[in-house]
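This briefing goes through one protein model by topic. Please keep the sequence and the coordinates open while reading.

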Amino acid sequence: MTTEDTPSAQAEPAAVERGLPTLGERREVRFAGIRIAGRRRRPSGEKAPLQRELRTAGRLWLLSSIGAVFVWVSLFAWPASTQWWNDRDLAILEVIIDARNSTLTALADAIVILGEDWLLRLLRGATLLLLVFYRRWRHFFAVLMALIIVQATVVLIATFVGRPRPFVDIIGEWSGPSHPSVPVAGLSVTLAAMAYALVPSGRRRRIVLAVAGVLVAAFGLARLYLGVDHPSDAAVAAMFSLGVTVVLFRWFAPEAEFPVTWKRGVTAHLDVTGARGEAIRRALYEQLGMEVLEIKPFGLEGSGGSTPLRLKVAGDPDQYVFAKLYSQTHLRSDRWYKVGRTILYGSLEDEVRFTSVRRLVEYEDYIQRLMRDAGVPGAEPFGIVEITPEREYLMVSAFLEDSEELTHAEIDDEVIDRALRVIRNMWDAGLAHRDIKPANVMLNRGEVVLIDVAFGTVRPSPWRQAVDLANMMVILGLRVGAPRVYQRALLQFAPEDIGEAFAATRSVTLPSQSRSSLALFKKEQGIDLVEEFRKLAPAAEQISIQRWSPRRIWLTVGALALGLMLLGQIATEITGGGIL
């Protein structure tokens, strides 16, 4: 062995250059024209790109609510503290009452109209009707919960405490115990809920909240002047009501997920500007190494279960990628959709009920890759990006340049064959897409591509496979007519397969986009396309889709009971009772 062969004589490995500033440059690569650089693992304890936080104002109002509870305890838990608060309240009231005159009395009588039941009912009812009209259900329920929580709490506390009215000359109308002031709480929660539900965040909301604060203060002062409330009654009621409302909206309807808008659109689409837009840019750079230059919503009209985006990223040259933003909003929508369908039709098939947004995107990513492995053309996945842990994720994939919906493209026999071969490949691989509609079937440079596989499933029921075939044939038939599509389908499917597919077809099995297209097709050409396919295919007994199960029975009974309760509450509100 020579000296050169000994381990000690072997060349030492080159020293690794240290220092985080150059880490991104050392790892820079090019992938499909996209520059990938700077990927970084988020250290333990570091905040996610987009956090769901109360922020400073929310924390302050939370503290105010806690302060109200502390005042309640100190007021009535110990005799000594009760006497201390009474003495301070009466001292303040005496100063205010000494200033009484005819002009101030008339002004106070006018101001207390703000707390009249008829006015509060009018404001609350109008707010709720506006939210229903614009289909802003999250804000609707936030307002409703705020009213119920505040109203029930102050009435319960007032009944339990039973504090008498101030021992002064009372010149105003009153009823019931004194603490906390139910009218002040009612006005406070009404104005605060209206501000958060009806006014977009920013300067305008701050102005509205300031005006609301002035009105509540004037109303409380007027009640002190009339001698119907102690100062602590009004102050605690206002603090508690405003605190509950602000914290409830920040928790249940956060601005980042449910911005206040006045457009009647698909409520599943999230705003991707502001804090969320910056969070998306940061997360993509740190987790996938992509430098985002531009974020734009894309194809919103064809998507109700996510927020689709087109992202411009740095490259040589700059490239576009496609992304789908999922949040808790979409997860809840999916759950309610499945509950509603179970009540109407029963369990059509075994469906996955996702427990978190993370599970939803993991499942879609898995199905997307499984379909590509099975030879089903689709967009190449780039990865999953975490925006808010367990709550918001972004699925990133290749953007299909020069693609268009199949119903808008020029179709020949080769395209028809390729589209039907997609269904054949899924049948052979034991897969189903479960959402075959025009927006999800694209023609990309002569190849038929399936997108949006979130509802895909493995080893589906034969019924579901038949429905996929019928939906694809409907899309093709909208362009070239039923006879031509039927003849090409016979090259890959047996006549009995096609007959079964259209025997299973109902309104519920057709996506809403396909139903709209079929209605327009019938209106313009006078042809019922589904019936045309049924006439061409062998006769088959229609497949019943109604399935009964214990879960469906309980959900149906629960929905009926809830509906009756709602009707009863509406009747109570109309007759002058209730929470409004």
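The model is predicted. The protein has 580 residues, of which 46% are buried, and its secondary structure comprises 19 helices and 12 strands. Mean pLDDT over the protein is 81.

**Confidence**

- A pLDDT of at least 70 is reached by 81% of the residues.
- Among the elements, helix α15 (residues 482-489) has the highest mean pLDDT, 95, and helix α1 (residues 23-26) has the lowest, 42.
- Residues 1-26 have a pLDDT below 50. Beyond near neighbours in sequence, this stretch makes nine contacts in the model.

**Contacts along the chain**

- Of the contacts with a separation of 6 or more, 74% join residues 24 or more positions apart.
- Gly176 and Val155 lie 21 residues apart in sequence, and their C-alpha atoms are 9.5 Å apart in space.

**Aromatic pairs**

- The structure contains eight aromatic pairs.
- Phe502 and Phe533 form a stacked pair, with 4.7 Å from centre to centre and 15° between the planes.
- This pair links distant parts of the chain, 31 residues apart: Phe502 belongs to helix α16 (residues 495-503) and Phe533 to helix α18 (residues 529-536).
- Phe502 counts as buried because its relative accessible area is 1%, under the 20% cut-off.
- Phe533 also falls under that 20% cut-off, so at 0% relative accessibility Phe533 is buried.
- Trp137, Phe140 and Phe141 are joined into a cluster by ring pairs.

**Loop between α6 and α7**

- Gly176 sits in the loop between α6 (137-161) and α7 (182-198).
- With a relative accessible area of 45%, Gly176 is partly exposed, because the value falls between the 20% and 50% cut-offs.
- Pro180 is found in the loop between α6 and α7.
- The peptide bond from His179 to Pro180 is cis, and its omega is near -10°.

- The position of Arg135 is in the loop between α5 (117-133) and α6.
- The relative accessibility of Arg135 is 34%, so Arg135 counts as partly exposed.
- Asp452 is another residue other than glycine with a positive phi, here near 55°.
- Asp452 is located in the loop between β11 (447-450) and β12 (457-458).

**Second largest cavity**

- The structure has two cavities of 30 Å³ or more.
- The second largest cavity holds about 40 Å³ of space.
- Its lining consists of Gln368, Met371, Val376, Pro377, Gly378, Leu450 and Val453.
- By residue type, the lining of the second largest cavity has five nonpolar residues, two polar and no charged.
- One of the lining residues is Leu450, and strand β11 covers residues 447-450.

Definitions and conventions: Residues are numbered from 1 along each chain as its sequence is written. This is a predicted model: local features need pLDDT of at least 70, side-chain atom pairs count only at pLDDT 80 or more; totals for chains, interfaces and linings use all residues. Side-chain values use heavy atoms; hydrogens and water are left out. On a 1 Å grid over the protein atoms alone, a cavity is a set of points where a 1.4 Å probe fits but cannot get out, and a pocket is an open set with protein on both sides within 12 Å along at least five of seven lines; lining residues have an atom within 4 Å of a point. Grid points are joined across faces, edges and corners, and a volume is the space filled by probe spheres set on the points. Ala, Val, Leu, Ile, Met, Phe, Trp, Tyr, Cys and Pro count as nonpolar, Asp, Glu, Lys and Arg as charged, and the others, Gly among them, as polar. pLDDT is the predictor's confidence in each residue, from 0 to 100. Helices (H or I, at least four residues) and strands (E, at least two) are DSSP runs, numbered from the N terminus. Contact means heavy atoms within 4.5 Å. Rings of Phe, Tyr and Trp (its six-membered ring) pair if their centres lie within 6.5 Å; planes under 30 degrees apart count as stacked, over 60 as edge-to-face and the rest as tilted. Buried means under 20% relative accessible area, exposed over 50%, partly exposed in between (1.4 Å probe, protein chains only).
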